[in-house]
Amino acid sequence: MTTSQANTTTAQSASDKHYMRLAMDLAEKAALTGEVPVGAIVVKDGVVIGQGSNAPISNNDPSAHAEILALRDAAQRMANYRLVDCTLYVTLEPCAMCSGAIQHARIARLVFGASDPKTGCCGSVLNLMAESKLNHHTEVCGGVLAEACGANLSAFFFERRKK
């Protein structure tokens with residue numbers, strides 16, 4: 001196993017699929033507003049404590065990715081910027097910005113749906129989660145409901161190209 005694969009697994013539990021479906025509902029919400037359909041939720045002890053859907057266009061904010069918004073929501077609810085022992089579920093592999101935020105929040109586990117071959121930083125382009133020079137390492141489980149998550153993204157961009 002290479003360093004870039006060191007903390008990535010593909011095991012899918014029933015609970016991972018359940019929470020990914022909740023994130024997919026949020027992705028659909030983003031699509032309905034013209035945003036790239038990405039949704040994210042933060043779970044602690046079986047309870048959803050944060051959620052977000054992509055909103056950089058509507059918020060005029062380049063940092064308003066679903067993951068960032070879910071982390072902000074969870075941090076506010078927990079009254080702590082450290083989200084120790086939490087799992088983040090997101091429909092698309094996080095980018096560099098979101099991967100950094102996930103690590104700074106001390107998320108214990110990341111579960112993502114579709115891989116992102118253009119900007120994914122959890123194994124596709126880079127793997128910041130396995131970078132030995134960084135002081136926090138989030139466990140990563142990729143590919144949960146990947147086909148459905150990817151299909152939502154593909155359909156969104158197909159419709160966008162038709163316009």
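Student: What does the cover over the buried residues of α5 include?

Tutor: Welcome to a predicted model, where local features need pLDDT of at least 70, side-chain atom pairs count only at pLDDT 80 or more, and totals for chains, interfaces and linings use all residues. Residues are numbered from 1 along each chain as its sequence is written, and side-chain values use heavy atoms, without hydrogens and water. With contact meaning heavy atoms within 4.5 Å, the cover includes α1 (14–32), β4 (86–92) and β5 (109–114).

Student: Which residues of α5 are buried, and which are exposed on the other side?

Tutor: Buried means under 20% relative accessible area, exposed over 50%, partly exposed in between (1.4 Å probe, protein chains only). On the other side of α5, Glu147, Arg161 and Lys162 are exposed. The buried residues are Cys149, Leu153 and Phe156.

Student: Within what arc do the buried residues of α5 fall, seen down its axis?

Tutor: The arc is taken from the directions from the helix axis to the C-beta atoms. The buried residues line one face of α5, because they fall within an arc of 60°.

Student: How is the aromatic pair of Tyr19 and Tyr89 classed?

Tutor: Rings of Phe, Tyr and Trp (its six-membered ring) pair if their centres lie within 6.5 Å; planes under 30 degrees apart are stacked, over 60 edge-to-face, and the rest tilted. Here Tyr19 and Tyr89 are 5.2 Å centre to centre with 40° between the planes, hence tilted.

Conventions. Helices (H or I, at least four residues) and strands (E, at least two) are DSSP runs, numbered from the N terminus.
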